[in-house]
Amino acid sequence: MSLKKSAQPAPDSTRRSERSRRAIYDAALALVAEVGYPRTTIEGIAARAGVGKQTIYRWWSSKADVLLEAFLDLSEQASRDAGPEYEFAIPDTGDLAADLKAVLRLTVDQLRDPRFEGPSRALAAEGVVDEQLGRIAVAKLLEPSLQMYADRVRSAQEAGQVRPDVDPRIALELWVSPLAQRWLQYTGPISYEYTDTLVDYALYGLAPR
């Protein structure tokens with residue numbers, strides 16, 4: 001009489017794929033922060049992640065695709081860490097100034113997070129000289145956040161808190177653009193006090209009240 005060996009459970013390919021994907025994200029972000037976008041390669045990402053480059057090409061067609069998806073994942077993690085109320089919209093408490101200040105403080109935290117800062121600067125710098133990459137990065141990474149600000153301003157317009165003739169897309173630049181410039185060009189420190197002041201200046205102006 002022969003004894004059959006008990007069947008071994010099949011490897012969980014989904015879990016293995018997720019581990020590989022996560023390793024590739026981490027490797028891509030770390031590498032671009034260390035050597036810059038031009039010197040980051042698929043081969044380098046694969047070696048750092050401990051996977052074959054064919055694994056990367058099975059999921060992505062270029063290093064830009066890898067990095068943009070890694071950034072999206074990092075941004076989604078930051079949104080989850082901030083709380084579910086920040087994942088898809090800026091919360092509307094009825095106080096526009098307070099809502100903008102709250103989300104900008106989260107942005108300050110993210111910009112000062114080493115996991116985010118290095119790779120973000122590298123991608124932003126390359127986006128200045130590579131128009132196609134810059135436009136893709138704006139569309140995939142920045143546009144969703146800008147849309148959230150625009151939607152919150154429109155909500156304030158509907159509540160009579162903002163003039164109806166104000167263009168929300170121009171208005172949001174009053175606090176988003178100065179923060180981005182200061183962070184990118186090191187023209188000054190970024191802090192909660194700074195972004196709170198941006199909101200106050202944007203909403204209440206510079207003239208005496």
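Student: Is D99 buried or exposed, going by its relative accessibility?

Tutor: This is a predicted model, in which local features need pLDDT of at least 70 and side-chain atom pairs count only at pLDDT 80 or more, while totals for chains, interfaces and linings use all residues. Residues are numbered from 1 along each chain as its sequence is written, and side-chain values use heavy atoms, with hydrogens and water left out. Buried means under 20% relative accessible area, exposed over 50%, and partly exposed in between, with a 1.4 Å probe and protein chains only; D99, at 6% relative accessibility, therefore counts as buried.

Student: Which side chain meets D99 in a salt bridge?

Tutor: Side chains of opposite charge can pair when their charged atoms come close. A salt bridge is a side-chain nitrogen of Lys or Arg within 4 Å of a carboxyl oxygen of Asp or Glu, and here R152 meets D99 at 2.8 Å, N to O. R152 is in helix 7 (residues 131–158) and D99 in helix 5, so the pair ties together parts 53 residues apart in sequence; helices are DSSP runs of H or I, at least four residues, numbered from the N terminus. R152 is buried as well, with a relative accessible area of 3%.

Student: Where does Y186 lie, and what is its phi?

Tutor: Most residues other than glycine have a negative phi. Y186, although not a glycine, has a positive phi of about 55°, and its place is in the loop between helix 9 (173–185) and helix 10 (192–204). With a relative accessible area of 60%, Y186 is exposed.

How values were computed:
Helix = DSSP H or I, 4+ residues; strand = E, 2+ residues; numbered from the N terminus.
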